[in-house]
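This report concerns two chains and the place where they meet. Please study the sequence and the structure shown below before reading on.

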Amino acid sequence: MARDRGTGENYGRPIRRILTGLVVLVLLATFLLWRIDSPRVERFRMALVDRVVPSFDWAMAPVSFAAGMVQDFQSYSRIYEQNQQLRRELQQMKAWKEAALQLEQQNAKLLDLNKVRLDPKLTHVTGIVLADAGSPFRQSVLLNVGRRDGIVDGWATTDGLGLVGRIAGVGENTARVVLLTDSNSRVPVTIQPSGQRALVSGDNTKLPLLDFIEDDDQIRPGDRIVTSGDGSVFPAGIAVGQVARAPDGRYRARLAADYERLDFLRVLRAMPKEPITDPGSLLAPEGAALLIESLTTEATDG
Amino acid sequence: MVDPRTLRRIGYAALYVAICLGLMIYNILPIDLQAGTIPGPDLMLCVTFAWVLRRPRWVPVLLIAAMFLVADLMFMRPPGLWAALVVLASEYLRNHDNGGGELTFGNEMLMVAATILTISLADRLVLSLLLVDQVPVRLTLLQFLTTIVAYPVVVLISHLGLGVRKMSPTEDALEARL
């Protein structure tokens with residue numbers, strides 16, 4: 001019987017083989033194209049996602065909602081412990097609130113004394129999380145704000161509690177946020193109070209690694225981590241989290257943002273700083289340099 | 001008048017597309033955003049292999065290639081590579097099935113496991129040769145394990161729920177002649 005089947009397929013087989021070979025070649029060519037000219041293909045990918053994902057919103061919203069309800073229900077079952085825990089935390093928070101109020105007053109005074117002007121550019125656009133990366137190996141989410149809302153690649157994203165990630169890929173109506181936990185994410189940070197510089201580098205775990213710490217001895221678990229603004233990737237001073245020590249002795253960042261509930265994210269508008277390139281134009285108005293030049297040439301001519 | 005057998009083939013191909021799209025949408029739902037959890041099984045792969053081994057005619061090469069290319073694009077994977085590997089693997093399984101005839105489920109499991117492991121490793125190899133950033137090996141192996149565990153379940157659901165069964169020899173001969 002099997003032999004019979006073999007002869008029956010003989011006509012179709014070579015054509016099938018060629019077809020399959022062609023398909024595989026086309027796919028591999030796509031991959032090579034991506035490897036050679038990644039930005040172009042990534043832009044195509046972003047455009048595709050931008051078109052497709054919002055149109056499935058009607059299907060995704062109820063399912064996400066149901067899943068959220070299931071999770072909420074699970075948390076009800078632990079309500080007693082949670083209540084106890086919240087009470088304990090509340091007590092601690094009250095103490096902290098006192099401290100914060102005092103510090104706020106002190107800070108206001110000091111800022112006043114120093115004539116510090118806070119960065120006025122820290123305004124934000126808020127977006128809703130539409131979808132995640134889909135693969136367990138990529139940590140990113142898709143927001144429902146995009147180029148139409150003025151989003152630009154590279155802007156920082158927070159959830160109100162702390163830094164969540166940065167914009168990487170903007171479509172017309174959607175933007176992708178690469179989370180701090182993604183293995184491609186690197187963010188320069190400062191560890192307070194010692195002022196050590198480090199890099200928070202994601203590695204697909206809940207607590208991203210603290211890399212390139214200048215002096216390990218000066219930091220301890222519980223220290224605050226804020227963005228440093230180095231490399232003008234992010235504005236400085238956004239809360240990232242706290243230092244934690246892994247069992248293997250390396251330092252990791254316990255993120256302040258609540259990654260379990262990323263529903264709404266704020267995209268911080270960061271305008272590029274005006275670069276200072278020419279020291280001369282700082283000292284004199286623009287026309288002055290020309291004037292001086294013409295004067296000196298006249299002097300040498302005469 | 002459309003031949004009922006062709007109609008059924010088209011119906012199941014449409015069902016395959018629907019299942020793949022459904023799985024993709026389910027995967028991109030923002031339900032669990034925490035990193036470091038155990039990666040879930042690659043259900044699209046399970047469905048594809050299970051169907052290819054049972055009804056090779058219902059899942060044509062072009063369909064598999066298209067579905068996995070879209071998945072590559074949606075899941076932020078390097079586009080094309082994984083799709084190409086899956087097409088090659090499904091072709092291998094298809095030909096094996098045509099030659100072998102009787103395949104017990106134990107053998108099938110072994111063969112599918114070996115195929116998935118091979119393409120996972122090949123994927124990593126190509127990516128590392130081209131210096132693309134990759135996930136840790138641990139995660140790849142974990143996903144391989146969860147996929148293998150999920151495979152029998154997918155086969156069972158396909159068999160009982162969707163009626164994707166192995167062809168009896170007479171039926172097969174009849175279909176081959178057409």
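## Cavity

A cavity is a set of points, on a 1 Å grid over the protein atoms alone, where a 1.4 Å probe fits but cannot get out, and its lining residues have an atom within 4 Å of a point. The largest cavity is lined by A:V49, A:V53, A:A131, A:D132, A:L142, A:R176, B:I28 and B:M74. Its lining divides into 6 nonpolar, no polar and 2 charged residues.

## Basis of the model

This is a predicted model, in which local features need pLDDT of at least 70 and side-chain atom pairs count only at pLDDT 80 or more, while totals for chains, interfaces and linings use all residues. Residues are numbered from 1 along each chain as its sequence is written, chains are lettered from A in the order in which they are written, and side-chain values use heavy atoms, with hydrogens and water left out.

## Interface

In chain A, 52 residues are in contact (heavy atoms within 4.5 Å) with 51 residues of chain B. Between them the two chains bury about 4800 Å², 67% of it on carbon and sulfur atoms; buried area is the accessible area (1.4 Å probe) that two parts lose on being put together, summed over both.

## Salt bridge

How many salt bridges are there between chain A and chain B? The count is 1, where a salt bridge is a side-chain nitrogen of Lys or Arg within 4 Å of a carboxyl oxygen of Asp or Glu. The side chains of A:R16 and B:E91 meet in a salt bridge at 2.7 Å, N to O.

Note on methods: On a 1 Å grid over the protein atoms alone, a cavity is a set of points where a 1.4 Å probe fits but cannot get out, and a pocket is an open set with protein on both sides within 12 Å along at least five of seven lines; lining residues have an atom within 4 Å of a point. Ala, Val, Leu, Ile, Met, Phe, Trp, Tyr, Cys and Pro count as nonpolar, Asp, Glu, Lys and Arg as charged, and the others, Gly among them, as polar.
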